[in-house]
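Please look through the sequence and the model shown below, and keep both at hand while reading the report that follows them.

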Amino acid sequence: MPHLRIASVNVNGIRAAARNGMSGWLDAADVDILTLQEVRGQDEHIEAALPGWSFIHDEATAKGRAGVAIASRTPAVASRTTFGADDFDSKGRWIEGDFHLGDRTLTVVSAYVHSGEADTPKQDEKWKFLDAFGIRLEELSRDDALALVTGDLNVGHRELDIKNWRGNRKKAGFLPRERAYFDRFLGDAGSEVTGVDGTVGTGLGWIDVGRRFHGEIDGPYTWWSMRGQAFDNDSGWRIDYHLATPSLAERVESYHVARAAAYDQRWSDHAPVIVDYSY
């Protein structure tokens, strides 16, 4: 059965990633659609790093920060960057592209959620983003749609998603309130969901492809600190996701985290997350 291979990766700067080995990985990966986060550059830098690819790109307001893009072998038929309230600056953090998947339309999102910092204005921006995220997830999943949200979502949903979860319970990325958003995003559609923080909300029915594919195991992690021995000890976080609507999740054939073979072969502090979807 034909499949569409979609990979997502936080490149930690497209120019640095290209210098450090991304192109070699991509040549071998046979990817159809590549979603990128933390591009930190302009269109010309994507063109140089991905010759021959079509792409859509949303730069951050501040130069050299954030930035999201979707590169593809065939051009997107439509794209959008509108996200959240008018007074919220989401530039460089959310981009949608529509693609043909057989006789259906598939919406693919590249998202880069704020890293946040507990009890600071940075965390307030993250709460705003997560609020808007939930609203848009509900919109994208209507009418049995085929939709996929990929990217660095900067939240480890469950204890299985962070090696040192005990030491991070009061830190951004594993705060109970953050995790509760994901309880609702991934709860059964229309059901009453009690989040890990005790709040109650309505489940949106999205599927965490990585968790469904691998089951109740630690990880597989997608990000490791550049400091210490985190990578060598596989002391990582699973914060890069493919979140799919139920109709799309039924089409998953394989899921793989392309973890580098060794520390010195990394071209980003994140590993690509690669999924094959049938059509």
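The report moves from the annotated domain to a sheet, then to the nonpolar cores, and then to some single residues.

**The model and its domain**

The structure is a predicted model. The UniProt record, in an unreviewed entry, lists residues 7-270 under the name "domain: Endonuclease/exonuclease/phosphatase".

In general, the strands of a sheet are paired through backbone hydrogen bonds, and the pairing may be parallel or antiparallel. Here an open sheet is built from six strands in the order β5-β6-β7-β8-β12-β11, and its pairing is mixed. The edges are formed by β5 (78-80) and β11 (207-208), and because each of these has a single partner strand, one side of each is left without a neighbour in the sheet.

Strand β7, which covers residues 104-112, pairs with strand β8, residues 146-152, in the parallel sense, and seven bridges join the two. Thr107 stands opposite Ala147 in β8, while Tyr112 has Asp152 of β8 as its bridge partner. Is β8 enclosed by the rest of the structure or left open? Seven of the seven residues of β8 are buried, so this strand is largely enclosed by the rest of the structure.

Helix α4, made of residues 121-140, lies across β5, β6 (94-101), β7, β8 and β12 (240-244), and it runs at about 20° to β6.

In soluble globular proteins, nonpolar side chains tend to be buried together. The largest nonpolar core in this model holds 32 residues, and those that touch the most other members are Ile6, Ile33, Ile70, Leu106, Val108, Leu248 and Tyr277. At least two residues of this core come from each of β1, β4 (68-72), β6, β7, β8, α7 (246-249), β13 (252-257) and β14 (273-278). Another core lies apart from it and has 26 residues, including Phe83, Phe88, Trp127 and Leu186.

**Four residues and their accessibility**

The table sets out the relative accessible area of four residues that are taken up in the text below it.

| Residue | Class | Relative accessible area |
|---|---|---|
| Ser8 | buried | 1% |
| Asn154 | buried | 12% |
| Pro2 | partly exposed | 45% |
| Asp143 | exposed | 76% |

Ser8 has its place in strand β1, residues 3-10. The side chain of Ser8 makes a polar contact of 3.3 Å with the side chain of Gln37, and a polar atom of the Ser8 side chain also lies 3.3 Å from the backbone nitrogen of Gly151. Leaving aside neighbours within four places in sequence, Ser8 is in contact with Thr35, Gln37, Thr150, Gly151, His242, Ala271, Pro272 and Val273.

Pro2 is placed in the segment before β1. How far apart are the C-alpha atoms of Pro2 and Ser278, which are 276 residues apart along the chain? These two C-alpha atoms are separated by 5.8 Å. When residues up to four places away in sequence are not counted, Pro2 touches Glu253, Tyr277, Ser278 and Tyr279.

**Backbone details in the loops**

Asp143 lies in the loop between α4 and β8, whereas Asn154 is found in the loop between β8 and α5 (176-186). With relative accessible areas under 20% counted as buried and those over 50% as exposed, Asn154 at 12% is therefore buried, and Asp143 at 76% is exposed.

Another backbone detail concerns the peptide bond from Gly219 to Pro220, which is cis, with omega near -5°. Pro220 itself lies in the loop between α6 (209-214) and β12.

**His114 and its surroundings**

The loop between β7 and α4 contains His114, which counts as buried at 10% relative accessibility. The side chain of His114 makes a polar contact with the side chain of Arg93, at 3.3 Å. Not counting residues up to four places away in sequence, His114 touches Phe88, Arg93, Glu125, Lys126, Phe129 and Asn154.

Definitions and conventions. Residues are numbered from 1 along each chain as its sequence is written. This is a predicted model: local features need pLDDT of at least 70, side-chain atom pairs count only at pLDDT 80 or more; totals for chains, interfaces and linings use all residues. Side-chain values use heavy atoms; hydrogens and water are left out. Two strands pair if DSSP finds at least two bridges between them. Helices (H or I, at least four residues) and strands (E, at least two) are DSSP runs, numbered from the N terminus. Contact means heavy atoms within 4.5 Å. Axes are lines fitted to C-alpha atoms, for helices over the stretch in contact, and angles run from 0 to 180 degrees between N-to-C directions. UniProt positions are given in the numbering used here, feature names are shortened, and annotations may be inferred rather than shown by experiment. Buried means under 20% relative accessible area, exposed over 50%, partly exposed in between (1.4 Å probe, protein chains only). A polar contact is a pair of N or O atoms within 3.5 Å; within protein, one must be able to donate a hydrogen and the other to accept it, and residues adjacent in sequence count only if both atoms are side-chain atoms. A nonpolar core is a set of buried Ala, Val, Leu, Ile, Met, Phe, Trp, Tyr and Cys residues joined through side-chain atoms within 4.5 Å.
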